[in-house]
Amino acid sequence: MGTPLSVRAPAPQSAEARGLALGLLGVAIFALTLPMTRLAVGTPEAPLMSGVFVAMARAVVAGALSAVLLWVLRAPWPQRRDWGPLALTALGVVFGFPLLTSVAMRYVGAVHASVIVGVLPLATAAVGALLHRQRPSPAFWACALLGTALVVAFAVLRSGASGIALHPADLLLLAAMLCAAVGYAYGARLSQHLRAEAVICWALVFSLPLTLPLAALSWPAAPVPASAWTALTYVSVFSMWLGFFAWYRGLALGGTVRVSQVQLVQPFLGMLAAVPLLGERLDAVSVGFGLAVMATVLVGRRMPVHPGKP
């Protein structure tokens, strides 16, 4: 008999607290994704790995790790009713988000990309509310919009004299946020009856017939520095794999609509990481906006989210 991958339902209050804690852990892991991706793909002046290779290689490494874990756990195959949601999860977080962000991050820096990342919590909450037929209160949406506005305002202030003129890469990042929101919402729904690690693992394993040949075909033609391989290792093991263990479990326990707002702190965590990685400068404005955004998360989690009509 295989080890059952079922989820027991804890008490509501403890479930929400654990969900928020796990969501924050997942966000902390994801926060390094864009800076590390930038290190891997390089810049237009000094290109390194291609965006296609970074996106597909990270999925291949995580897929191989997933296959081993599923074999060790003797995990049963997903039921037929789970195949559709797993496919949508894979399209969102295995293909869509990694591919679009990897291509875009060669042309925009981590600070500029934070403008777009700031809309991810609102997008995830909206998709989650539609998928789970929930009705967030107006006060909840007000907190979500305020937090998003703070993130965007911060990025505008940090953009300098050049402003936030729309770059073609911005469209890729916007599409990536939508892909991530869909993948998060469907993965969270699957995590209601599958363990979080099983959800992302099956999505990655089912994607291997596509990700493996694409990674092989886009292998770098010229040598790249060790720093790029280190960055690729991070986004493969942590961003593409371990981070989802905490994130999907957190969304399942605390609710997609509510826990998604923890993502509001992700741009600021990413900028903290960008100081040593990309030479970004952290100042009092960054700290002030970061604290303000965190406050909206704390307030927003106390606003009611009503279940939808059956």
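View 1. About 90 Å³ of space lies in the second largest cavity, where a cavity is a set of points on a 1 Å grid over the protein atoms alone at which a 1.4 Å probe fits but cannot get out, and lining residues have an atom within 4 Å of a point. The volume is the space filled by probe spheres set on the points, which are joined across faces, edges and corners. This is a predicted model, in which local features need pLDDT of at least 70, side-chain atom pairs count only at pLDDT 80 or more, and totals for chains, interfaces and linings use all residues. Residues are numbered from 1 along each chain as its sequence is written, and side-chain values use heavy atoms, with hydrogens and water left out. Among the lining residues are Phe30, Arg58, Tyr184 and Gln266.

**View 2. The largest cavity.** About 100 Å³ of space lies in the largest cavity, and of the 13 residues that line it, Ala31, Leu34, Gln266, Pro267 and Gly270 are the closest to its centre. The helices α2 (33-41), α5 (110-117) and α12 (266-278) each supply at least two residues of this lining, helices being DSSP runs (H or I, at least four residues) numbered from the N terminus.

**View 3. Helix α2.** Eight of the nine residues of α2 are buried, that is, under 20% relative accessible area with a 1.4 Å probe and protein chains only. Thr33, Leu34 and Arg38 are among these buried residues, and after the helix comes glycine 42, whose phi is positive, near 75°.

Definitions and conventions
1 Å grid on protein atoms, 1.4 Å probe; cavity = no way out; pocket = protein on both sides within 12 Å on 5 of 7 lines; lining within 4 Å. Buried < 20%, exposed > 50% of the residue type's maximum accessible area, 1.4 Å probe, protein only.
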